[in-house]
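Please read it with the sequence and the model at hand.

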Amino acid sequence: MHHPSAKDAMIDRLKVRIYQILERTDIRDTASQIVDLFIWTLIALNLIAFTLETVDPIGCQYKRYFIIFEEVSIVVFSVEYILRLWTCTVNPDYKHSIRGRLRFMFTPLMLIDLIAIFPFYLPLLFPDLRFLRSLRLFRFFRILKLSRYSASLRTLGRVIRSKKEELIITFFILFILLFCSSSLIYFAEHEAQAEDFPNIPMSMWWSVITLTTVGYGDVYPVTLIGKLLGAMLAVLGIGLFALPAGILASGFSEELQVKHPFKRKRTSKFCPHCGKPIH
């Protein structure tokens with residue numbers, strides 16, 4: 001029978017501790033809070049640097065510093081990714097050293113982490129393929145890493161998952177209305193404005209702008225039937241685009257009630273005689 005050595009036991013304890021810090025198994029853990037704050041700050045600085053690089057005077061003058069900061073960030077994110085992959089076997093769902101890690105690699109949050117670092121390494125692996133350098137623009141998607149460290153974004157994700165069927169139905173209705181309105185406006189306006197409404201796909205631009213009640217004014221109907229159709233769609237758009245907002249608001253309300261059950265109990269009415277809650 002194999003007995004783990006003191007070195008193996010120490011490595012196992014270290015793995016468990018790193019897992020606890022990275023996955024925040026205890027929200028009161030000081031080390032976890034420090035790591036979260038550090039990653040939060042690094043992601044925010046990456047987004048600021050990504051934005052400032054597009055300003056020519058700043059991007060050209062401080063290009064060397066931007067490159068150094070990018071390399072340091074990649075090292076940190078890469079170490080974080082490797083540590084998460086190494087310690088994931090602590091979780092019983094991924095306890096197998098190979099299959100568990102492969103399954104863990106394809107979880108949504110790990111895919112986001114991979115997208116944040118992988119484009120940096122592509123030009124290093126394939127230096128002759130110049131078009132791969134444009135993939136470094138995927139640095140922008142590092143903002144998605146905040147979903148791992150933000151309770152608010154995690155709550156939003158749970159709300160979307162819980163209301164996905166209602167949202168899918170709503171967006172399907174919006175697509176049907178978009179297709180019908182594009183077809184109708186094409187037949188109403190094509191003869192009068194062949195350039196602005198040359199076909200149904202091009203007419204969808206007007207339908208989207210009208211349904212969202214933005215109304216840029218670059219394309220608009222001139223016939224009587226087209227104007228009536230535009231007025232109807234503008235009114236319908238207000239109501240239809242309020243549906244997803246209502247669904248999400250309902251989901252947030254349900255999520256907060258589940259998250260704070262004691263708060264819900266405190267707001268209940270109680271019988272003045274027996275003290276039991278009144279339903």
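**Aromatic residues, helices and cysteines**

Tyr62 counts as partly exposed because its relative accessibility is 38%; here buried means under 20% relative accessible area, exposed over 50% and partly exposed in between, with a 1.4 Å probe and protein chains only. The model is predicted, so local features need pLDDT of at least 70 and side-chain atom pairs count only at pLDDT 80 or more, while totals for chains, interfaces and linings use all residues. Residues are numbered from 1 along each chain as its sequence is written, and side-chain values use heavy atoms, with hydrogens and water left out.

**Aromatic pairs**

- The structure holds 4 aromatic pairs, a pair being two rings of Phe, Tyr or Trp (its six-membered ring) with centres within 6.5 Å; planes under 30 degrees apart count as stacked, over 60 as edge-to-face and the rest as tilted.
- One of these pairs joins Tyr62 and Tyr65, whose ring centres are 6.3 Å apart and whose planes meet at 50°, so the pair is tilted.
- Tyr186 and Phe187 form an edge-to-face pair, with 5.1 Å from centre to centre and 70° between the planes.
- Tyr186 is buried at 18% relative accessibility, whereas Phe187 is exposed at 64%.
- Tyr65 is exposed, at 51% relative accessibility.
- Arg64 lies over the face of Tyr65, 5.8 Å from the ring centre; for this, NZ of Lys or CZ of Arg must be within 6 Å of the ring centre and within 35 degrees of the ring normal.

- Helices (H or I, at least four residues) are DSSP runs numbered from the N terminus, and the expected span of a helix is 1.5 Å times one less than its number of residues.
- Helix H9 covers residues 164-189 and has 26 residues; from its first C-alpha to its last it reaches 37 Å, close to the expected 38 Å.
- The buried residues of H9 include Leu167, Leu174, Ile185 and Tyr186.
- Helix H11, with 17 residues (224-240), should span 24 Å, which agrees with the 24 Å between its end C-alpha atoms.
- Gly226, Leu229, Gly230, Leu233, Gly237 and Leu240 are the buried residues of H11.
- Viewed down the axis of H11, these buried residues fall within an arc of 100°, so they line one face of the helix; the arc is that of the directions from the helix axis to the C-beta atoms.
- The face of H11 turned away from the buried side carries exposed Leu224, Leu228, Met232, Val235 and Ile238.

**Cysteines**

- The count of disulfides is 0, a disulfide being a pair of cysteine sulfur atoms within 2.5 Å.
- Cys88 is buried at 1% relative accessibility, and Cys180 is partly exposed at 37%.

Key. Helices (H or I, at least four residues) and strands (E, at least two) are DSSP runs, numbered from the N terminus.
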